[in-house]
Amino acid sequence: MSEKVLLCHIIYKKLLQNTIFHVIIYILSDEEVREMPIIDLHNHTTFRYDGKNTPEAIIQNAIAHNVDVIGITDHQFTIRQDLEYYISYLKYCKKKYSGQIQVLLGLEIGTRPAPSDLLASSCAQLDYVLF
């Protein structure tokens, strides 16, 4: 009997003062697992304090380990005034590595300190955000 892979998807919703988690569980066949892309969307870089690797080092490591999609998501409060440079540099990386891996531009947005109003317009240039 072959082992099955359990994929758990947690959906978080905040409704008024109540927090609700929905958990969806999938049992995948071996064939479904082989066809599933490898995606890593939560990576911090040396753009600020909490990353140990440059964006390019993370991308190159992902390529070396056959990752299909890699996302870079530094914290908005650590990027601050460098947001435009952050976005332009990640767009450069996205283009540079386009034949080898799909690179996504992301940003992790926290509530402390509160994001600035300018952040919303800048987020339009991103592929995704994490909250």
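1. How far apart should the end C-alpha atoms of helix α4 (residues 83-96) be at 1.5 Å a residue? Its 14 residues should span 20 Å, and the end C-alpha atoms are 20 Å apart, so the two agree. The expected span is 1.5 Å times one less than the number of residues. Helices (H or I, at least four residues) and strands (E, at least two) are DSSP runs, numbered from the N terminus.

2. This is a predicted model: local features need pLDDT of at least 70, side-chain atom pairs count only at pLDDT 80 or more, and totals for chains, interfaces and linings use all residues. Residues are numbered from 1 along each chain as its sequence is written, and side-chain values use heavy atoms, without hydrogens and water.

3. The open sheet has 4 strands in the order β3-β4-β5-β6, with parallel pairing. Pairing requires at least two DSSP bridges between the strands. β3 (39-40) and β6 (128-130) are the edges; each has a single partner strand, so one side of each lacks a neighbour in the sheet. β3 pairs with β4 (residues 69-75) over 2 bridges. Ile 39 stands opposite Val 69 in β4.

4. Helix α2 (residues 55-64) packs on the sheet, touching β4 and β5 (102-108). Contact means heavy atoms within 4.5 Å. The direction of α2 makes about 155° with that of β4. α4 lies across β4 and β5, at about 165° to β5. Axes are lines fitted to C-alpha atoms, for helices over the stretch in contact; angles run from 0 to 180 degrees between N-to-C directions.
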